[in-house]
Amino acid sequence: MIRAPRPGQSTARSRPRAAAALAAPVLNMTVLNMAVLAMAVLAMTVLAAVGGAAAAPRAWAAPEPMSHCSTSTGVVMAVSFAHWGGPVLRSCASTPTTAYGMLNQGGWHTTGTEHDGPGFICRVGYSGYQGGTQYPTPAQEPCVLTPPSSAYWTFWHAGPGQNSWSYSQAGATGYAPAPGSVELWVFGGTNLGGTSGSAVPTVSPASLRANNKAPGSAVKAKHQTHPGAHPAHPAARSTHPGAAPARGNSPGGTATASAPVSRSARADASSSPSPVISNAPPVAAGDSQSPSHGSAVPAVIALVIVVLLAAGAITAVLRRPRRAR
Amino acid sequence: MSPPAGRPGPLRALGGRRLPRALHPVAWWLWAIALATAASRTSNPLLLLMIFAVLGFVVAMRRTEAPWARGYRFYLLMALTVIVIRVAFRVVFETGVNPGDHVLFALPRLPTPGWYSGVQIGGPVSLEAVLSAVLDGARLACLLCCIGAANTLANPKRALRVLPGALYELGTAVTVALSVAPQLVESVQRVRRARRLRGGGGRGPRALRAIAVPVLHDALERSLRLAAAMDARGYGRTGPATRASRRLTGLLMLGGLAGLCLGAYGLLGAGVPAGVGLGGFAAGAALCLGALVLGGRRVSRSRYRPDPWRWPEWAVVGSGAVSAIVLSLGAGYDPAALNPSLYPLSWPALPVLPALAILVAALAAVAAPPPPAGPGRPGPEEAPVPAPQAAVAALPGATR
């Protein structure tokens, strides 16, 4: 029996029957449509909230030249590009900060995965190394899903005074280093204990740590007396890990330091098998483009299609013989 | 069942009133699996929403009145549960807040010892994290609903008929298992209706007991009846197979399955040489094939009223395949639109080609013939039979 598709009449008639619980499929379709509707409403609300809500301002630690880090102040962060034949770049940040914050300031940039968000460090790049190319490149790792456990940026840290690395049990956004500690990012893989694998660090924390006792005032003065005295000189000076660590002799701190790092580092890397440690002075952050929220038109079109399909489904159910409903 | 007399085919069938018949179950399964493939390729909320809508539309248009066809709402509830669980886990186990995130609220943080700091309980919850959990859950929910739609649209008992003969023992077990859930639902409905007619109302544990006992009783009785019916039809007979050949078949099958497992591990896991994965997979497949051929020899089957495979089946499978192919290839549109980034938050784009491909899948509702009428008006083909008999009739080797 085909019912006249007059909505008012049909609902008036079907109600008492629905109450009799003989018409379970009516509920069935109601649940279906409610689910579709609820999802649509949810999507709308969330997206509307996004449009209106403003990002909460956050205070991040300031990037500093290496000379500002000492055994007890600041945090040294090092990233090893040895996987790509590059140097170990280190820079300094004032505390408090997070590992994520340090990787995204003073010329450093990271990319997360689409699946895990920016909190999962998938690519790392420094604007003074290879023109800011982030490694691994999209050809090597698409950064859509979580990278495999054999090839990702492993995170190591050593507390103040410690000379052994520990594989971090916390993520980049969850780890807040103590002043005077050292962090290291190495690309590769490791076991859970951090004892074997391609990513186990070959440089010691001591070779990366800033060894001046006080945040180098002398260096600062020296730096102030010769601002940009050697423009052709590589801003990032290299030291070999075996050699005595640089005692705050970095002339870094100038925003002009950029490209030379790669050249000097490459030259050194070819002569020595062990990775070269270079300073990566803070670079003025480029103008960050304001995030655009895109257009809502596609969402509206999709919702219209969904509503049309739902209407078709409701019509199909209403036109079923009553017994069958 | 043959198409109307005269010119058979799509044009004639679309023009006139089509005879109701059940579509080949394998066609529905292929269609649903193709849509699931498409859903697994994307995390775009608009595309997922459209797949949900297409599934609901086709199910509403083409489901039968059989007991298994009434279960779609359970799959929907299950899908919602998946999303809720994912969001709850993302909220409770903090994943870190990135700069620029929109923090919704903060839960009190439970301190964890240093060696366990990889897992943090409580903490700030950002909108981005919740949305990412919703999208992840929605994708899984979409897969669930695809399988649910296939279960709703296709007759599971008839689908088993296409199993190779060597698997008929497995098929028997699967049939019994598949018929349990719909039979339980049916039993519960019947017992509840009987209770209501007798004026027995009430809720709580007493009502539960009054329903559960007859239902269990009913289920046992039905199982015994089904077992007796199957026994009478010659199930469990080993045929001309010797003990040695049966053992060889079993050994080949087990070895083949182990090879397939090893191969899958080798193909998916990192750090295993690719040769091991491919070799294991090939060896496993070969062993399984050998077991199927060997086992199939000892089972002689007769086919009773085979399901036809005509143009509606091709059209349904094709409409599903279009969406799977378009979303898997990633050509002709921006592949990044399939997985829109949540950082920074923005409206998702609607890639035209995938959206059209998903809409093509909705054509299955038109391509498939109308389902046979329900119990009130028995159709020519799919007249309902009491469950145990229906189960047996649909099995390979059964004769009526």
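Author: Happy to. Among what covers the buried residues of α10(B) is α9 (243-268) of chain B. Please keep in mind that this is a predicted model.

Let's stay with α10(B) for a moment. Its buried residues are B:G280, B:G284, B:L287, B:A291 and B:G295. Helix α10 of chain B covers residues 274-297, and at 1.5 Å a residue its 24 residues should span 34 Å; the C-alpha atoms at its ends lie 35 Å apart, in agreement with that.

Helix α11 (residues 311-329) of chain B packs against helix α12 (residues 352-361) of chain B at an angle of about 160°, and their axes are 7 Å apart. With angles over 145 degrees counting as roughly antiparallel, α11(B) and α12(B) are therefore roughly antiparallel to each other. The crossing of α11(B) past α12(B) is left-handed. On the α11(B) side, the residues that meet α12(B) are B:S319, B:G320, B:V322, B:S323, B:V326 and B:L327. Their counterparts in α12(B) are B:L353, B:P354, B:A357, B:I358, B:V360 and B:A361. By type, the residues of this contact are nine nonpolar and three polar, with no charged ones.

Now for a pair earlier in the chain. Helix α4 (residues 72-92) of chain B and helix α5 (residues 127-153) of chain B cross at roughly 160°, and their axes come within 8 Å. That angle makes α4(B) roughly antiparallel to α5(B). Here α4(B) passes α5(B) in a right-handed crossing. The residues of the contact between α4(B) and α5(B) comprise 19 nonpolar, three polar and three charged.

Finally, the setting. Chain B has 14 helices along with three strands. Of its 400 residues, 38% count as buried. Among the contacts in chain B between residues at least 6 apart in sequence, 78% join residues at least 24 apart. In chain A, residues 24 or more positions apart account for 69% of the contacts with a separation of 6 or more.

Technical notes. Residues are numbered from 1 along each chain as its sequence is written. Chains are lettered from A and ligands numbered from 1 in the order in which they are written. This is a predicted model: local features need pLDDT of at least 70, side-chain atom pairs count only at pLDDT 80 or more; totals for chains, interfaces and linings use all residues. Helices (H or I, at least four residues) and strands (E, at least two) are DSSP runs, numbered from the N terminus. The expected span of a helix is 1.5 Å times one less than its number of residues. A residue is buried if 20 or more other C-beta atoms lie within 10 Å of its own, exposed if 12 or fewer, and partly exposed in between; C-beta atoms are placed from the backbone. Two residues are in contact if their C-beta atoms, placed from the backbone, lie within 7 Å. Axes are lines fitted to C-alpha atoms, for helices over the stretch in contact, and angles run from 0 to 180 degrees between N-to-C directions. Angles under 35 degrees count as roughly parallel, over 145 as roughly antiparallel, 65 to 115 as roughly perpendicular and the rest as oblique. A crossing is left-handed if the near helix is turned anticlockwise from the far one by less than a right angle, and right-handed if clockwise. Ala, Val, Leu, Ile, Met, Phe, Trp, Tyr, Cys and Pro count as nonpolar, Asp, Glu, Lys and Arg as charged, and the others, Gly among them, as polar.
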